[in-house]
Amino acid sequence: MSVFTSTCPATGGTVWSGPVATADDVAAAVARARAAFRGWRATALDERVALVRAYAGVLKERSDALAELIARETGKPLWETRQEVGAMIGKVELSIAAQADRAGERSSAMPFGASVLRHRPHGVMAVLGPYNFPGHLPNGHIVPALLAGNAVVFKPSELTPAVGAAMVDAWGAAGAPDGVVQVVQGARDTGAALVDAEIDGLLFTGSAATGAHFRRRFAERPDVILALELGGNNPLVVWDGDVEEAAAIVVQSAYVTTGQRCSCARRLIVPSGAYGDAVVDAVAALIPRLPIGRWDDHPEPYMGPLISDRAAQTARGQVDRLMTMGGRAIVPLGAVEGRTAAFVTPALLDMTGITAPDDEIFAPVLQIHRVASFDDAIAAANDTRFGLSAGLVTADDTLWQRFVVEARAGVVNRNRPTTGAAGAQPFGGIGDSGNHRPSAFYAADYCAYPMASFEADGAAGNWDALRPLLDVEGIARS
């Protein structure tokens with residue numbers, strides 16, 4: 001039996017250890033889910049709603065312990081992991097509302113009876129979770145999937161298995177029937193076995209490269225619903241307004257969660273000249289004031305480490321490449337003395353006039369692009385294969401209306417960080433940021449399919465409608 005562990009990126013200490021699920025283990029889990037699905041889909045919606053509310057109750061009871069577990073396994077500060085647990089709890093009522101609004105039952109009277117719209121579950125849904133929000137993001141798939149009547153097999157990130165195990169344990173404590181929610185632990189091979197199994201849906205949050213692989217992998221399996229929530233090379237255009245306020249928006253867009261949010265700003269677009277220079281200077285001045293530390297430090301830090309030493313090494317390699325292309329480090333990507341190699345300091349790089357790779361750097365790295373006009377700003381913002389989030393800082397309503405019309409992204413904010421998103425709205429992007437199946441409030445859409453019905457209490461009136469068209473004179477009913 002193969003065993004793997006997860007470690008705290010802030011300390012290097014072991015957080016979780018357990019067996020790797022083999023291909024046979026995964027197949028058995030899917031088979032159990034298939035058997036459980038038959039009963040779960042027939043369970044009344046009120047009972048499914050009661051289960052997810054009971055799950056929210058368990059999360060509330062365990063919120064402090066779960067927040068600490070997320071902090072230990074991701075390195076995120078406790079203030080942020082408490083917010084994550086709060087979002088997990090809030091997701092339940094939002095999902096109940098979304099199910100009723102977008103996937104509920106509708107009936108319209110017809111001369112013969114009724115026209116009825118129902119929504120039916122797909123079957124066994126595989127959920128592959130990310131490490132940056134190991135509770136909130138997979139929770140956003142699992143809750144609506146179960147409400148719809150699906151069974152779920154969940155593989156957490158191999159970097160955050162403890163959080164995944166804790167989530168499934170909470171479902172058990174809430175009273176989930178056997179086999180309806182299961183977890184399989186492991187890395188790439190375990191995930192591949194789950195993807196190759198007889199599943200009915202794959203709900204994935206992660207990198208664009210992996211999402212592209214899944215698109216190809218399922219090209220000849222149209223029976224499998226595929227929902228991809230991917231990353232972005234997100235632009236933030238800062239055009240006018242209070243410089244200090246603008247700098248705060250930039251910092252919150254680029255450096256929150258140590259840059260490990262798919263909606264983080266990666267490119268800062270400013271006008272050439274005095275205003276743009278002032279914004280850049282203000283951001284550079286804020287960076288060294290951002291406290292960086294362990295999740296259990298007092299006072300709490302603004303930023304923790306990246307998820308691993310390897311992630312920090314990858315980010316350094318990406319920054320080095322930008323420097324060899326001619327980039328200028330206004331604030332370099334640095335290390336934090338006395339901390340593990342996973343700790344980095346935010347970077348601010350001037351890439352004006354340089355065609356940088358259109359890649360997501362999943363770290364606190366922000367690239368500056370100075371432009372001559374607002375037309376150029378919009379063109380620069382849209383110059384990406386991604387389309388997840390974008391932002392504009394301006395007091396000019398006319399510029400905002402142009403930006404809303406012309407920006408290519410699924411989340412577009414004004415005078416707010418690019419990372420701001422409401423659970424009562426859809427969340428997703430276009431291009432390489434997804435496959436047109438946004439999550440959050442719209443997750444109900446991909447967790448069930450519509451079934452349209454014409455219904456009458458009895459078979460009446462059909463013969464009378466047909467008789468005038470029959471080519472037999474004087475035909476009578478037998």
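**Entry 1**

The model is a predicted one, in which local features need pLDDT of at least 70, side-chain atom pairs count only at pLDDT 80 or more, and totals for chains, interfaces and linings use all residues. Residues are numbered from 1 along each chain as its sequence is written, and side-chain values use heavy atoms, with hydrogens and water left out.

I placed Pro 450 in strand β19. Helices (H or I, at least four residues) and strands (E, at least two) are DSSP runs, numbered from the N terminus. Pro 450 is exposed, with a relative accessible area of 56%; buried means under 20% relative accessible area, exposed over 50%, and partly exposed in between (1.4 Å probe, protein chains only). I also noted that Pro 450 and Ala 103 are 7.6 Å apart in space, C-alpha to C-alpha, and 347 residues apart in sequence.

I then traced the sheet, an open one of three strands in the order β3-β4-β19 with antiparallel pairing. Its edges are β3 (106-110) and β19 (448-455), each with a single partner strand, so one side of each has no neighbour in the sheet. From one strand to the next the twist averages 20°, where axes are lines fitted to C-alpha atoms, for helices over the stretch in contact, and angles run from 0 to 180 degrees between N-to-C directions. Strands β3 and β4 (residues 113-121) run antiparallel and are joined by five bridges; two strands pair if DSSP finds at least two bridges between them. I recorded Leu 117 in β4 as the bridge partner of Arg 106.

**Entry 2: strand β9**

I examined β9 (residues 225-229) and found five of its five residues buried, so the strand is largely enclosed by the rest of the structure. Ile 225, Ala 227 and Glu 229 point one way from β9, and Leu 226 and Leu 228 point the other way. Strand β8 (residues 201-205) runs parallel to β9, and five bridges join them. Gly 201 stands opposite Ile 225. With helix α8 (residues 208-217) between them in the listing, β8 and β9 make a right-handed β-α-β unit; a crossover is right-handed if, with the strands pointing away from the viewer, the path from the first strand over the helix to the second runs clockwise.

**Entry 3: Lys 91**

I found Lys 91 in helix α4 (residues 78-103). Lys 91 is buried yet has no salt bridge, and the nearest side chain of opposite charge, Glu 229, is 8.4 Å away. For charge, Lys and Arg count as positive and Asp and Glu as negative, while His and the chain ends are not counted. A salt bridge is a side-chain nitrogen of Lys or Arg within 4 Å of a carboxyl oxygen of Asp or Glu. Beyond residues up to four places away in sequence, Lys 91 touches Asn 139, Gly 140, Val 143, Gly 423 and Ala 440.

**Entry 4: salt bridges**

I read that the structure holds 24 salt bridges. One of them joins the side chains of Asp 169 and Arg 62 (2.8 Å, N to O). This pair links distant parts of the chain, 107 residues apart, with Asp 169 in helix α6 (residues 161-174) and Arg 62 in the loop between α2 (45-61) and α3 (63-74). Asp 169 is partly exposed at 46% relative accessible area, and Arg 62 is partly exposed at 33%.

I next checked Arg 261 and Glu 80, whose side chains meet at 3.3 Å, N to O. Arg 261 lies in the loop between α9 (243-254) and β11 (265-271) and Glu 80 in helix α4, so the pair ties together parts 181 residues apart in sequence. Both Arg 261 and Glu 80 are buried.

I also noted a network of salt bridges that links Asp 277, Arg 328, Asp 350 and Arg 370.

**Entry 5: backbone exceptions**

Most residues other than glycine have a negative phi, and most peptide bonds are trans. I found a positive phi near 55° at Thr 258, in the loop between α9 and β11; Thr 258 is buried, at 2% relative accessibility. Ala 440 has a positive phi of about 60° and is found in strand β18 (residues 439-440). Ala 440 is buried, with a relative accessible area of 18%. Finally, I recorded a cis peptide bond between His 298 and Pro 299, with omega about -5°. Pro 299 lies in the loop between α10 (274-286) and α11.

Key
Contact means heavy atoms within 4.5 Å.
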